[in-house]
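Please open the structure in your viewer and keep the selection panel at hand. The stops below are to be visited in order.

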Amino acid sequence: MTTRGETLDAPADVRASSRGQPPARLPLVVYVLALGTFLMGTTEFVVAGLLPEISGDVQVSVAQAGLLITVFAVGMIVGAPLMAMLTLRLPRRLTLILALGIFAAGHVVVAVASSFALLLAARFLTALATGAFWAVANVVAARAAGPAASSRALGVVGAGAMLANVVGVPLGAFAGQLMGWRGPFWALAALGAAAMVLIARHVPHDGSGRTAVSIRSELSALRSGRLWLTLAACATTTGGVLSTYSYISPLLTDRAGLSSGLVPLVLVGFGVGALAGFLVGGRLGDHRPHATTIAAAATTTVVLSAICLLSGYAVPTIVLVALLGLFGLGANPVLISLGVRFAGQAPTLGSALTVSAFNLGTAIGSWAAGLALESPLGATGPAAVGTAIAALTLIPTIAIALTQRRRRRR
């Protein structure tokens, strides 16, 4: 029976990349997987723009309706590593198809449900499928592109989720206003079913001649100190950025003096910056991974500090928010690539743990930022929290670089 410890069949130009020559272009399967992460990113955040409509329809408060976002984050934290282990002996291609099938079914349940408890259950189930898809998609993309282009491939896959913030979420919110909040979930269900067909057609079967990998050997990856340093960097880099982003609206309106109608345009600027950051960071990470992660962490800390100091001025704040998207999330594809690499014979578990770490950092950072918002710091409190968390990223990224340097000297 096939498992996940080995490589996929790949075309000749990709096999050449494994010998140190980066391919001129990435395989088509990488872009197919990016379409899947686009759907995953859209469903994660589209609820934020539909909370008033959902709360009115199912007769709960807006704050209670916000639990639909929280339960999804919890499902991602738990689901990515859990589903990676439960589907260990399934072929990757089949796992991706099943995850998309559950994704589509979960959205159908949300679209027809009238009970808030059922909505929560469906969102949690969808998050489990999302975690499974994302973890396996990262491994498939990295294997298909080869070691010399793995960060670039992961940048493209992650850019699908960033594009969701620029296109998918605004379109979903707009569609929800026109056809009711259930409409976007019907659309996501249909798109998920269509993505199943593309995955079945373009993701190659697992290679032959593969040895079985046990759960014990997968868990042996947890003994890697470099993996834990990478996971710490994943948590702090995302926690620093999204703790600020989660409460960017009061900063823009109360401190910078922008009207609420301009806030979505600023958020689009952040999304465009994040999309560019994923693509550029992925390319740089293939050549200088450690320099990229350290520089991104340092620059993000400076940008967040500047937001704290200049938030009373509209134009600098708008520019800084776009730069926060560019630098704040640019190291993520590199960190995912390092997580897969440092997990050794357990690449899917390594990828899954990076997904969990990103979401854990987001959950803790947004919680701390919410407390800071109600402190004497007011609207600048979340940015101050984000600055402190982002600065912590320098510790694991520098430690990884020093560890790698020592290993090369040996």
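Begin by selecting Gly240: leaving out residues up to four places away in sequence, Gly240 touches Leu304, Gly386, Ile389 and Ala390, where contact means heavy atoms within 4.5 Å. Gly240 belongs to helix H11 (residues 225–245); helices (H or I, at least four residues) and strands (E, at least two) are DSSP runs, numbered from the N terminus. Gly240 counts as buried because its relative accessibility is 0%; buried means under 20% relative accessible area, exposed over 50%, and partly exposed in between (1.4 Å probe, protein chains only).

Before the next stop, some notes on the model are in order. This is a predicted model, in which local features need pLDDT of at least 70 and side-chain atom pairs count only at pLDDT 80 or more, while totals for chains, interfaces and linings use all residues. Residues are numbered from 1 along each chain as its sequence is written, and side-chain values use heavy atoms, with hydrogens and water left out.

Now display the whole protein. Its secondary structure consists of 19 helices and zero strands. Of the 410 residues in the protein, 57% are buried. Among contacts with a separation of 6 or more, 86% are between residues 24 or more positions apart.

Next, select helix H14 (residues 289–310) and helix H15 (residues 314–328). How do these two helices pack? Two packed helices are described by the angle between their axes and the distance between the axes. The axes of H14 and H15 come within 9 Å and cross at roughly 160°; axes are lines fitted to C-alpha atoms, for helices over the stretch in contact, and angles run from 0 to 180 degrees between N-to-C directions. H14 and H15 are therefore roughly antiparallel to each other, given that angles under 35 degrees count as roughly parallel, over 145 as roughly antiparallel, 65 to 115 as roughly perpendicular and the rest as oblique. Their crossing is left-handed, a term used if the near helix is turned anticlockwise from the far one by less than a right angle, with right-handed used if clockwise. Residues making the contact include Val303, Leu304 and Ile307 of H14 and Leu320, Leu324 and Phe327 of H15.

The contact is formed by Ile248, Ser249, Leu252 and Thr253 of H12 together with Val263, Val266 and Leu267 of H13.

Select Val30: apart from its neighbours within four places in sequence, Val30 is in contact with Ala141, Ala153, Val156 and Val157.

Finally, select Gln59, in the loop between helix H3 (51–58) and helix H4 (62–65). Is Gln59 buried or exposed? Gln59 is exposed, with a relative accessible area of 72%. Its phi is near 60°, a positive value in a residue other than glycine.
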